[in-house]
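Please work through each task before reading its solution.

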Amino acid sequence: MTRAWRSGKARGRLGLLFGLVLAIAAAGLAAAGEREPVVVDPNSGLAISGIDPVAYFTDKNPVFGRPALELSLDGTIWRFRNEGNRAAFAAHPEVYRPRFGGYDPTAIARDRSVAGNPLIWAIVEERLYLFYSDETRRAFLADPQGFDDRATRKWPVVARTAGR
């Protein structure tokens, strides 16, 4: 056996294992008929309290969307401050939606679902995260990859009770 063959074989096995884990997780959610929960304001029914999710990226600030510029996606109503932001979100919601539906990743990493506050946020690796306090935001920013990895592993289970 050559060294290149062994490393290629190991890479192939690792890729297969990773793909299998992702397929099982996706199949579990699909079989349950569940979609990712999103933080919705209980008074208005709007995702992330009516703040335009694209504005975090374009304006580097949370900006409230306008009632005339709403978009319904998977039963959730999102608002936008302009047509361009609405079009960008419609084309690529996976880019602009808050990670974990707007639930705080530090809480998810600890097996809890706690709604993030859309005014306490961070963009890390081109992904939007919302936090329930400045303290949890600071903790996350001290180890974003670690918290994201733990939250990603725990999210399928935590998501089942999120928002209840």
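**Exercise 1.** Is Trp 121 buried or exposed?

*Solution.* The model is predicted: local features need pLDDT of at least 70, side-chain atom pairs count only at pLDDT 80 or more, and totals for chains, interfaces and linings use all residues. Residues are numbered from 1 along each chain as its sequence is written, and side-chain values use heavy atoms, with hydrogens and water left out. Buried means under 20% relative accessible area, exposed over 50%, and partly exposed in between (1.4 Å probe, protein chains only). Trp 121 has a relative accessible area of 18% and is therefore buried.

**Exercise 2.** Classify the ring pair of Tyr 56 and Trp 121.

*Solution.* Rings of Phe, Tyr and Trp (its six-membered ring) pair if their centres lie within 6.5 Å; planes under 30 degrees apart count as stacked, over 60 as edge-to-face and the rest as tilted. The whole structure holds 9 aromatic pairs. In one of them, Tyr 56 and Trp 121 are 5.1 Å apart centre to centre with 65° between the planes, an edge-to-face arrangement. Because Tyr 56 belongs to helix α2 (residues 55-58) and Trp 121 to strand β3 (residues 117-124), the pair ties together parts 65 residues apart in sequence. Tyr 56 is buried, at 0% relative accessible area.

**Exercise 3.** Why is the pair of Phe 131 and Phe 140 tilted?

*Solution.* The ring centres of Phe 131 and Phe 140 are 5.2 Å apart and their planes meet at 50°, so the pair counts as tilted. Phe 131 is buried at 0% relative accessibility, and Phe 140 is likewise buried at 0%. Ring pairs also link Tyr 129, Phe 131, Phe 140 and Phe 147 into a cluster.

Key. Helix = DSSP H or I, 4+ residues; strand = E, 2+ residues; numbered from the N terminus.
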